[in-house]
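Please find below a short note on the model under review.

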Amino acid sequence: MNEREHVIEVAGLRRRYGPAGPGGFEAVRGMDFTVRRGEVFALLGTNGAGKTSTVELLEGLAAPTGGRIRVLGHDPYRERALVRPRIGIMLQEGGFPSDLTVTETARMWAGCTTGARPVAEALEMVGLEDRAKVRVKQLSGGERRRLDLAMALVGRPEILFLDEPTTGLDPEARRRTRDLIRALRAGGTTVVLTTHYLEEAETLADRLAIMRAGRIVLAGTPDEVRAAQPSRIRFTLPAGVDVAELPAGLGEVVPDAAGEADAPRAVEVRSRRLQRDLTDLLLWARERDVELGRLDARSASLEEAFLRIAEDDAGAGDAGATNAEPVGAGA
Ligand SMILES: Nc1ncnc2c1ncn2[C@@H]1O[C@H](COP(=O)(O)OP(=O)(O)OP(=O)(O)O)[C@@H](O)[C@H]1O
């Protein structure tokens with residue numbers, strides 16, 4: 001496998017619903033990223049950030065209003081006939097005819113697909129083999145999601161697009177779906193997924209991008225995205241020890257404003273050099289014989305990175321245009 005082959009290339013991508021001007025809405029506002037063959041790439045973002053709007057453009061379901069997309073070297077909208085047979089799509093709402101059984105639905109779908117995977121195999125991959133004879137309308141919501149996934153797998157896609165694949169699944173089905181995604185990746189399938197489960201992105205994705213208001217505001221490997229946020233050191237200072245006495249050069253020191261003057265004071269240090277700042281703090285405490293209460297030091301989680309971006313909605317993405325780190329750049 002050529003690690004550097006980009007199977008998806010996106011530059012300056014835009015999507016507007018409705019007319020130009022105040023009557024319309026621009027859901028995708030200039031996105032740049034690449035996806036490499038064989039990786040799992042996750043798009044994250046709050047409701048309405050533009051994930052589905054973006055993925056639909058990659059799938060060739062709509063034409064962008066600006067920018068350029070290449071999927072497997074082709075324009076997925078204009079050259080749909082070349083791209084569609086090589087990709088698998090699991091939409092948020094599959095909408096298969098509900099009077100057919102699971103097997104009939106899968107056969108119908110496979111009949112439209114060249115080189116289709118055997119239907120029984122696709123159903124087994126998603127754990128629906130026991131529901132093969134059940135009508136689609138009798139499936140539970142989670143089972144329908146799994147049927148949608150099975151249909152996306154029927155064509156043995158090179159790139160699999162999964163829009164919130166585990167939403168509505170019970171924990172066991174979710175675990176099974178995640179294992180399946182890992183197995184597909186191990187077999188060389190590229191997976192583009194949107195999800196609201198941060199731990200899913202954290203454990204599955206090779207790289208991820210966090211969107212806000214139609215733009216990517218942070219992107220990279222899960223480690224890179226976490227590292228972009230400060231670590232936190234939390235402790236309490238005994239009564240009588242002032243925050244100003246803390247060693248100089250610690251990261252941003254945020255004392256708890258509500259603390260009483262004669263009671264221990266909670267302090268948070270936001271640090272970009274966790275080991276160094278923690279060492280400085282502990283040496284200072286030993287030298288001064290200060291007891292730090294409830295000491296806790298931790299690196300930022302993906303959730304913190306996500307929440308910080310979500311909370312920053314006041315800027316509604318303008319900052320994102322300049323802060324965005326193009327995914328795949330120089331990698
Ligand atoms: N057909 C449409 N016409 C007008 N606006 C639309 C249309 N489809 C989506 N939008 C708007 O575009 C924005 C982005 O929607 P999109 O579904 O892409 O977001 P998302 O990140 O996938 O959200 P979610 O996490 O809720 O699925 C939203 O504000 C939505 O209201």
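What percentage of the contacts in the protein chain with a separation of 6 or more is accounted for by residues 24 or more positions apart?

1. Such residues account for 70% of these contacts, a contact being heavy atoms within 4.5 Å. This is a predicted model, in which local features need pLDDT of at least 70 and side-chain atom pairs count only at pLDDT 80 or more, while totals for chains, interfaces and linings use all residues. Residues are numbered from 1 along each chain as its sequence is written, and side-chain values use heavy atoms, with hydrogens and water left out.

2. Of the 331 residues in the protein chain, 47% are buried (under 20% relative accessible area; exposed is over 50% and partly exposed in between, with a 1.4 Å probe and protein chains only).

3. The whole structure holds 27 salt bridges, each a side-chain nitrogen of Lys or Arg within 4 Å of a carboxyl oxygen of Asp or Glu. One of them joins Arg86 and Glu158, with the closest N and O atoms 2.6 Å apart. These partners are 72 residues apart and lie in two loops, Arg86 between α2 and β5 and Glu158 between α5 and β6 (helices are DSSP runs of H or I, at least four residues; strands of E, at least two). Arg86 is partly exposed at 29%, as is Glu158 at 22%.

4. Glu202 and Arg226 form a further salt bridge, at 2.4 Å from N to O. Glu202 belongs to helix α7 and Arg226 to helix α8, so the bridge ties together parts 24 residues apart in sequence.
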